[in-house]
Each structure stands twice: as structure tokens, then as C-alpha cells.
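Hi there,

Here is the structure I promised to pass on. Have a look at it first, and then read my notes below.

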Amino acid sequence: VAIVTPRRHLEIARIDALDQLLGRAPVAPPAPPPPLAHRAEEPARADEVLRDYVLAPYPPRRDPRGGLRAVNLLIESFALAGVEAEGVRVIERLRALLGVGRTVWGIKHAAGALSWELYVYDPGAARPEARIEAVCTTLAELIAPPDLARLPPGFAPHMMSLELDAAALRDRGAAHLTCYVHGADEPGASRSYALGPDGLRLANLYTFHDPRRDARALIARVRSSVHLGAAAIGVAAMLWPEVHRCRRLCVANKRAADGVYWSGVDTDQLAWFLAKTGWPAPLAASLDARRTRYGHLAWDVGVDFALAGAGGPTVTKSAIYATC
Amino acid sequence: MPPAEPIVRVRRPDAGANPLRPGRELLLSFAFRCNFACTFCYVEDGLAGRYRGVSLEDARRLLADPRLTEGVTRIVLSGGEVTLDRELPAFIALARAVPSVAHVRIQTNASRLADDGLAARLVDLGVDELFVSLHAADAARSDAITQRPGSFAAILAGLDAARAAGAAIITNTVVCATNVDQLAAIIALAHDRGAQAAELWGYVPRVDADDARRLLVRVTDAAPHVRAALAAAEARALPVTVKYFPRCLLGRFASAQSDAQPRLVIDDAFWKSYPQYGCLYEGVCAAAVADGCSGLSDAYVRRFGWEEDALRPFGEDAPRDPAPVIAAYHSWAHAPTTSRGAPDTPDAPDAPDTIDAPDAPDAPDTIDAPTATDAIDAGEAARLLAVLGLVHGAALAGARIAAPARTVDGVRLRFITGDAAGAPLAIDLRPRDPARPCFARTATLDLIHPPWTDAATARARPLLAALASHLTARDDGGLARALRPSPPSAEVRRADTIASTHAHAGWPAPVDPRAAEFHACVLALRAAAHLGPATVEPSVALGRPDEWRLLVNPSVRRAGVDRAAQTGALLTTLDAPGWLHDLARRWLDDAGRSLFIGVAAAALRVRTKLYLPVPNATTRAAAAALLARATPAAEVAIVAIDVEGGALIAHKDYARLAPTAARAEFAGPLLALVEERGLLLGELPLLRARRSAPDEQPIDAALHVDVRAFPQLELGVAWATACGDHAAAARLAGRTARVLSATGGDRGPCHVYLADDLEESTR
């Protein structure tokens with residue numbers, strides 16, 4: 001009998017096993033709709049290590065057997081945008097180069113359109129196959145590589161990312177390269193530099209926080225945002241309670257917005273997030289129908305906020321992250 | 001720290017206990033219908049038709065199941081309005097049939113209790129407690145809430161009937177926008193109608209996530225009313241519990257708050273939509289961690305925010321000094337001729353008019369002798385200045401701020417003036433003492449300077465005035481405490497102990513574990529495995545001056561931490577083999593166990609060890625034998641079992657610890673313990689499978705010291721006694737904690753670290 005205590009030290013205890021105690025069958029959920037993608041869904045493996053968007057391992061939230069890998073949601077998004085085959089080819093190339101589960105993917109949703117970003121980590125420049133040149137070469141047949149000659153000689157960032165949209169996937173268009181430098185300003189902080197015509201330009205500054213223990217720092221960090229404005233509900237305008245129950249929180253300062261990232265949310269929280277930020281209904285429905293099968297996963301989600309008048313910040317972009 | 005004074009006391013001494021608190025409670029929810037339609041209620045909207053209730057047959061089986069009922073002393077029957085359910089008598093009988101049950105309570109709106117002697121019949125059936133909804137103090141307000149004209153009269157009649165029947169009455173009031181201004185009157189009414197206790201519940205927006213009903217009330221607006229209600233209850237000696245309302249807003253009534261609830265037996269699907277609560281400060285608030293202040297509902301935060309300015313986490317600040325903050329310009333201390341008078345009081349331009357009376361009866365006539373100072377390092381100097389809001393090298397009233405020093409009980413500030421040819425001006429900050437002469441007094445500090453010449457005093461006057469004004473404004477009651485030296489961390493204590501042991505033994509000085517590179521390793525590991533500071537402890541291997549180590553305890557018990565998951569994540573980070581995962585998981589199946597993982601920090605992934613403190617008779621006996629033979633140079637004796645590369649190793653770094661002549665003393669009992677390995681394995685089936693691991697190493701291949709050696713408290717007492725530290729032994733003897741580690745010897749103090757202390761420090 002599983003008696004789950006939601007908080008330590010509270011006498012509150014929920015008995016989440018009434019069906020089990022009574023020996024009765026649980027109410028069966030309705031059959032999920034077919035996936036958007038044509039490709040067979042990838043099942044989860046019980047022995048694989050799950051990693052978050054900084055490739056930190058995390059334990060499965062429940063028994064992964066019978067579940068689905070997070071990459072299925074990525075492929076669903078490719079299918080929704082009409083670039084399933086193209087997107088899958090990119091993923092397969094990266095897996096062949098780096099291994100399964102070693103690439104972080106992000107799906108971005110802004111102005112009604114989806115785009116994607118793929119992140120490759122190479123802390124300490126220890127993995128030749130993960131260097132920018134190797135990744136771009138591997139993908140060169142599928143994506144027009146950025147002009148790496150504009151990078152400083154010998155530059156070896158902590159992480160790099162390639163941002164793609166459907167057109168780039170479909171037509172072998174250009175990917176936008178961003179490089180991330182770890183450890184700037186304080187332990188755990190990062191900066192990103194986007195590669196432009198003039199070389200690298202500072203893009204974003206990130207700091208990471210424990211959502212439970214770093215309350216004061218977190219409040220100060222969010223209050224310092226120029227995009228918080230005079231929000232009537234204070235920092236809650238950016239620190240959403242529904243996803244605050246997460247493992248790690250990141251605050252980012254960007255050129256035209258400030259971002260908040262919640263790391264380690266569960267699938268129910270992800271479903272809430274997609275609804276809250278207005279993601280395409282077919283993708284949200286695909287996730288919703290597979291909540292149980294994704295239930296072992298932890299996800300990372302993020303929002304860009306920009307000040308809109310006196311009413312406080314509004315969402316200009318949202319994103320979800322996992323590994324493939 | 002939360003306020004300690006209880007403010008609500010049990011009214012019925014004959015009852016022997018607060019009727020709200022004793023025993024374990026089980027709540028059965030089975031009837032989702034009601035004859036009222038209270039505006040805040042979710043039963044009809046949120047339960048009926050959505051969830052399968054607990055049928056009588058279900059209840060019969062559940063209440064016969066000892067997994068649910070063992071130790072249960074109270075069963076609560078809830079709906080809906082359970083008096084509408086014709087099977088209520090049968091439910092009551094089932095509840096009464098549970099052997100351990102002392103109380104059967106029903107939750108009711110009381111409107112039917114006066115009908116046909118229902119209250120008396122319920123009592124006859126075995127109900128002894130009635131949890132009665134009372135949401136307003138007058139008919140107009142109450143009937144508006146229940147949406148049933150005339151219902152208030154029925155409620156009062158029901159309360160009277162319940163009292164006449166002899167049942168204990170506990171009232172229940174939902175605090176919402178509709179009734180928040182009546183809370184004190186409701187409490188008074190409850191008392192007048194015979195209630196023996198009351199509960200005030202913050203509104204739970206269960207089916208109204210966006211608060212479309214506009215029933216949420218801002219906690220800062222509600223707090224005065226809630227406190228007034230608690231004061232009314234206090235005046236009537238009526239016990240009140242406040243639920244789902246931030247404890248930190250209750251002032252001296254904070255101890256009335258508790259979100260504890262009975263275990264609820266309800267359809268599993270119910271929990272999927274259960275309202276979520278949280279608080280930005282829950283990770284640092286003692287109330288959230290210790291005993292369950294839930295914070296604010298998500299719906300509340302969406303409407304009003306986190307209330308980050310209004311909520312005050314318990315334990316984050318020291319209790320406030322109740323004394324008023326008075327800036328007082330005294331007679332100049334250390335000016336012998338004016339120590340009690342005021343002729344030399346400088347006329348600081350911004351000095352307040354009020355002057356603390358300097359003529360306290362016991363005020364000393366003589367001034368304190370200048371206090372000795374201790375040099376402090378740059379980091380501590382910067383910290384002290386930061387606490388005081390000062391910056392090294394910056395100017396204050398024309399004087400440059402120099403590095404401070406510590407005095408016996410405070411801090412000495414130093415200022416370099418432009419014309420100072422000699423020593424800097426020194427000003428002492430000491431904890432506030434009303435009897436002490438000083439030139440200024442803040443909330444918690446006395447400001448004192450040594451005797452100066454009149455000319456020097458005149459020159460310093462602007463500085464003194466500026467400093468007094470600055471510190472007075474800054475001292476909100478916690479400045480003296482903030483200036484105290486920080487107690488050495490476990491890391492520092494361990495490093496110091498190891499360093500002193502090395503010095504004692506004549507070994508090369510060990511690497512300082514606080515070195516920057518080492519610290520970077522610690523940070524990396526913490527970040528990689530999301531570990532808290534207290535779970536990664538840098539140290540050096542005793543007797544190995546060139547080897548850095550990290551002792552990681554991912555299994556430390558801490559609120560909100562899944563020990564097994566955190567341990568698994570760490571082992572994954574370290575690329576530990578699968579069998580080590582299995583071993584750790586099975587070991588932690590017992591909640592009383594913890595483990596440590598040692599990492600060679602210089603190359604994080606080179607070697608991973610698992611330290612399993614093994615409390616059993618054999619290891620205790622072995623430890624006792626070793627203790628009896630311990631030499632002064634010996635840091636610790638062993639009790640730890642170390643699994644390395646598949647081998648089970650009981651070890652003692654006696655070769656490094658003791659001079660050659662002493663090795664034999666250690667070797668005997670050590671080898672005896674090693675020879676008992678079979679017995680140890682026999683007692684530890686968990687480890688037995690590892691004996692045949694292909695990479696098993698011989699027992700003498702690795703000799704290390706684990707200062708976290710004592711698994712049982714008595715060993716800590718024995719060790720402290722052996723060290724001659726009888727005070728420590730006495731202190732430990734009074735504890736029930738588990739010993740984490742022990743260090744020391746007869747040439748120095750004995751330090752015994754308790755696991756409970758570690759856990760406390762991580763909260």
C-alpha cells in the first residue's frame with residue numbers, strides 16, 4: 001500500500017491506493033489519439049540515465065517501463081510543423097555522433113510558430129566529437145553551417161546550440177549558432193554569445209537558483225528585471241507557482257526580454273505549462289494523452305517575459321527542453 | 001525561531017488533552033450531497049458525480065484492514081452532509097468496531113441535529129464529536145453564505161441539541177471575503193453555544209482556481225481579523241487551530257496554526273486535482289519544514305502574488321529585541337573626568353534630543369580597560385564591514401575606514417583621519433549593556449571609544465556622529481548577533497583537527513581543503529548532483545597530505561529530499577557500477593541508515609567508495625577493543641565497513657597514524673576484526689553477494705581512516721571518555737542522537753559529531 005506524504009513532517013497523508021486497498025480496477029483513461037508523427041514511438045528503457053537540460057542526471061519519477069522517451073514529443077513537434085523526416089534526420093546524426101541522450105533539445109513557441117534549438121555540451125573541451133566544428137560538420141548535409149571562421153581561434157565554449165526553424169530544416173537553411181560560457185560572474189552562472197556577422201556578441205546572462213533555499217536571491221534577481229514593471233502581484237508575475245515546485249530555477253537577462261526557466265517539472269506541470277502559454281492544441285493533446293507514459297520524465301520549461309504597458313510582463317516566448 | 005509561548009490552552013482539563021490533536025485520525029468521505037449550498041463549498045461542484053465515494057461495503061473492508069487502521073484513535077465521517085445519508089448509522093458502527101478507535105466524529109452543518117432527537121441518537125450510536133460548520137455570526141450573513149434562508153436558526157438549534165446530547169462540539173469556519181470581518185464574533189458565538197474548540201480554515205479554492213467567486217481575501221487584510229479572533233478565543237480559553245493561513249502573520253498566536261489533517265480515504269482520482277500550496281520561503285522557514293505551514297495556494301498567488309514582503313520566514317532572523325531603538329548620545333566613555341556626566345557630550349548636528357539615562361544605579365564609575373584585539377583575515381574583515389554597511393577604504397565623515405579587528409566581545413573599527421600622524425582612531429562596538437557608559441547606543445550595540453585629548457575628540461566629533469547615525473539606522477535588532485564570529489563549519493573543524501593531528505604526529509602539513517581548486521571540485525560535484533552544501537564535505541585523507549577527498553552524504557535526511565534518488569543521481573554522476581547502485585538502494589531501504597561516498601577529489605571519477613556505518617555487536621566490540629588500545633596519536637578507531645571495488649574492507653590506517661611501535665597495538669584488534677569478516681558478512685546479507693565480485697581486492701590492500709567511525713551513541717560516549725573529555729561524554733550521554741563521527745585525543749578537546757546535528761544544519 002503506497003501512502004504518499006506530500007510534505008515531510010506534516011501529518012497530512014494522502015492514501016493514493018484506495019483502488020489497491022479495495023482490489024478494484026482503476027478508472028481506465030480514454031485511449032490516446034494516434035501520434036502526430038509517422039515514426040514509431042520510442043519506448044523508454046529502464047536502464048537508461050535520464051538527464052536534464054544541463055545534462056545533470058536525475059532519477060526517473062516513476063518506473064520507466066512501458067513509458068516513452070522524451071524525444072517522442074520533439075518528433076511530434078516536427079510532425080506538427082511538417083518537417084518530421086528532416087528533424088528526425090538531424091536527431092539521428094547527433095545521436096550517431098554523441099550518443100543517445102547526450103543532446104539537449106528545446107522546442108520554442110513564439111508568435112504562433114514552433115522552432116527548435118539543439119544544445120551540445122563540451123565542458124572542459126574534453127570531447128572532440130562535441131566541439132562546434134565536429135557538430136557542424138556532421139550536420140552539414142542537413143543544415144547550412146554557420147561561418148565558424150568568425151569564432152575566436154581556439155574558442156571552446158562550455159556549450160553550443162544551433163537554432164533552427166521549419167524552413168531551415170526543410171531547405172537546408174542556416175542555423176544560428178550560440179555559444180555558452182560557464183562560470184561567469186559567480187559559480188553556476190553562464191553567459192551566451194550569439195555568432196553574428198561581426199563575430200560573437202553577448203546575448204544572455206543566466207544565473208541558477210535553488211527555488212526553495214535561494215528565496216531572497218531569487219526575489220532580488222526577479223525584482224531587478226526591467227520587465228517586471230509594476231506588476232500587481234509582484235514577483236509572482238514571473239515566478240509562477242504552478243511550476244515553482246521544481247528542482248532548479250534559472251533567471252536570464254536577454255536583450256529584449258528576461259527569462260525564467262524551471263528545471264525538473266513533472267509531466268502534469270508540463271501539460272499545465274503548454275496550456276498556460278498557448279501551445280498548439282494538437283501538440284498539447286498529444287502530450288496530455290500520454291501523460292502516464294511520460295510520467296517517469298522530468299522536463300525543463302522556460303518563458304521569456306517582456307514588459308507590456310503598466311500591467312506587468314507578458315509572455316513573448318516559451319520553450320520546453322529535454323534530451324534525445 | 002517561532003514564538004514559543006502557547007496562547008491557546010485546553011479548556012477541558014477533564015478531557016485530558018486538546019480534543020483536536022490526540023491520536024491518529026482517519027477520515028472517510030462518503031456522502032457528497034448537502035442541503036446547503038455554501039458559496040465557498042466544493043462538495044456539490046467538485047466531488048459529487050466526479051469521484052467514487054466510499055461505499056458501506058468499501059468502508060467495511062477498509063476499516064477491517066490493519067494497514068489503514070493500526071493505531072488510529074479517531075475516525076471522522078465526512079461528506080457532504082452525512083446526516084442526509086441513510087447509511088450513516090452503519091458507518092458509525094463500523095468506525096466504533098475498530099478496536100483502537102476512541103472517538104468517532106462527524107462533520108455536519110448541524111441543521112438537522114435538532115430534528116427528532118437526531119443529535120442524541122447519534123451520540124447513542126457512538127458519535128462523541130461533532131465538527132460543525134459555523135461561517136457567520138448572524139442570520140443575514142450566514143444565510144447568504146449557505147444560500148438557504150432560515151438555515152442560521154437551524155444551525156443554532158442544532159448546536160444546542162448537540163450540547164444537550166453531550167457531544168463535544170468543534171466549530172469550523174472557512175475564512176473568506178464574505179465573513180472575514182466577523183471572525184471574532186463567530187468565535188464568541190461558538191463559545192457561547194458550547195463549542196470546546198474551533199478551527200479557522202483559509203479558503204481553499206478547489207473548484208474555483210481563478211477565484212471567479214471572489215472569495216479569496218488577501219492574507220494581510222485577513223490577518224488582523226484572524227488575530228482578533230484568536231484573542232477572543234484566548235479570552236475565553238477556547239482552543240483554536242488555524243489552517244491554510246500563513247503562520248508568520250499570526251504574531252503571538254503563531255502556535256495556533258497547523259495544517260495537519262487526518263489521513264483522507266477518498267477516490268484516488270481526487271488527488272490529481274488537489275489544490276497546491278507553497279511559499280517562496282518554504283526552504284528557509286522553520287515553520288514550513290518543521291511542522292507544516294503550507295503557505296499560499298496557487299490560486300491565491302495567481303491573484304495576489306507570493307506576498308514576498310509580508311511573509312517572514314521563521315528562523316531566518318533572530319528574535320527582535322523588544323527594546324525600542326533609541327539612539328542615545330552618552331557621556332564619553334573612557335574620558336575619566338566625564339564618565340558619568342555629560343559636559344563633554346559632543347554636539348553632533350544630527351544627534352537626537354533624547355538621551356539614555358547614564359546614571360543607572362549599577363553603572364560603573366570606572367571605565368572598561370581597553371580590550372585586547374584579535375587579528376582577523378581579510379575575508380572576515382570584509383564580512384564584518386559588510387554587516388555594518390561599511391566599505392574598507394571608503395570615507396566616512398572625512399575619515400577612511402580601515403580593517404577592523406575583533407575584541408573579546410565585539411568588534412573594533414579603525415578610522416584613518418587626514419591629520420592622523422599616529423595610530424588610527426579606534427571605536428569599539430560591544431553588545432548593548434544599559435549599565436555601560438558609551439557615546440552612542442543602537443538597538444543592540446554600544447559604541448565606545450578610548451580616551452582622547454580634547455582636540456582629538458573635537459576632530460573626531462563628525463565621525464562619531466556619522467557613525468552613530470549610520471549604525472542606528474542600520475541596526476534593526478540583529479546587528480550584535482550578526483557581528484558574532486561564525487562558528488567553525490564542520491569542514492573547518494575537520495580540517496583543523498586533521499592539521500593538528502598531522503602536527504602531533506610530525507607528518508607533513510596536509511593540503512588545505514579550503515584551497516580554491518579543492519573548492520571548485522566541491523562546487524562541481526554539488527552542481528552535478530544537485531547536492532546541498534552540507535552533503536558534500538571536503539577534507540583531506542588523514543595521513544595523506546597530498547590527497548584531497550570529498551566525503552559526500554547524499555542520504556542525509558532533509559525535508560523534500562528523496563534520499564535514494566539523490567544517492568542514485570550522485571552515483572550516476574560518478575559513473576559508479578550498477579552493483580553499487582543496488583547496494584546503496586538496498587541499504588537505504590532502512591530509513592535509519594545513511595551512507596557516505598568518498599570521492600578522490602583531485603580526479604573526481606577516479607575512485608568511488610561507499611562507507612556504510614554498520615551498527616552491530618561485532619563492530620561495537622571491535623571498536624571498544626581498539627579504543628582500549630588507542631594511543632594518543634590515534635585519531636579514531638574503526639567501525640566503518642568500506643566497500644571498494646567489490647571488496648568488503650574493514651580498515652584502519654594504523655601504519656600512518658601511529659609510530660611504528662604502536663602499530664602492533666592496532667594490528668591485533670584490526671586483524672581480529674578482519675578475521676571476523678565472515679561473521680560480519682553473515683550479519684549483513686546485503687553485502688554478502690559482493691564477496692564473489694570478480695574485482696574483489698584483498699583485505700589489506702586499502703588502509704584508510706574514516707573519522708565517521710561511530711555508529712552508535714555509546715561509542716561516542718566511550719570515545720569521549722577515553723579522550724578524557726568528560727563534559728563531552730556527559731553531554732552525549734543525555735542525547736539519543738546517532739554519532740556521525742568523532743575526533744580528538746587526550747591532548748585536545750574531543751569532538752563528536754552527531755548525525756542529528758548535521759541534519760539540523762541542513763534544514
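This is a predicted model: local features need pLDDT of at least 70, side-chain atom pairs count only at pLDDT 80 or more; totals for chains, interfaces and linings use all residues.

For the complex, the predictor reports an ipTM of 0.90 along with a pTM of 0.59.

Let me start with chain A. Its secondary structure consists of 9 helices and 14 strands. Of its 324 residues, 54% are buried. If you take the contacts in chain A with a separation of 6 or more, 62% of them are between residues 24 or more positions apart. The chain exposes about 13,500 Å², and carbon and sulfur atoms account for 55% of that area.

The feature to look for in chain A is a barrel. It is closed by 10 strands, in the order β5-β6-β7-β8-β9-β10-β11-β12-β13-β14, with antiparallel pairing. On average, neighbouring strands of this sheet are turned by 25 degrees against each other, direction ignored.

Chain B needs some care. Its pLDDT averages 64, and 51% of its residues score at least 70. In residues 540-548 of chain B the pLDDT is below 50, and the model gives this stretch 41 contacts beyond near neighbours in sequence. Another stretch of chain B, residues 735-763, stays under 50 as well, with 94 contacts beyond four places in sequence.

Finally, which side chain of chain A does B:Glu282 meet in a polar contact? The partner is A:Arg212, and the two side chains are joined at 3.4 Å. B:Glu282 sits in the loop between β9 (277-278) and α10 (286-291) of chain B. Is this glutamate, B:Glu282, buried or exposed? B:Glu282 counts as buried because its relative accessibility is 14%, and the cut-off for buried is under 20%.

Happy browsing, and do write back with any questions!

Best wishes

Notes
Residues are numbered from 1 along each chain as its sequence is written. Chains are lettered from A and ligands numbered from 1 in the order in which they are written. Side-chain values use heavy atoms; hydrogens and water are left out. Two strands pair if DSSP finds at least two bridges between them. Helices (H or I, at least four residues) and strands (E, at least two) are DSSP runs, numbered from the N terminus. Axes are lines fitted to C-alpha atoms, for helices over the stretch in contact, and angles run from 0 to 180 degrees between N-to-C directions. pLDDT is the predictor's confidence in each residue, from 0 to 100. Contact means heavy atoms within 4.5 Å. Buried means under 20% relative accessible area, exposed over 50%, partly exposed in between (1.4 Å probe, protein chains only). A polar contact is a pair of N or O atoms within 3.5 Å; within protein, one must be able to donate a hydrogen and the other to accept it, and residues adjacent in sequence count only if both atoms are side-chain atoms. Accessible areas come from the Shrake-Rupley method with a 1.4 Å probe; for residues, only the protein chains shown count as cover.
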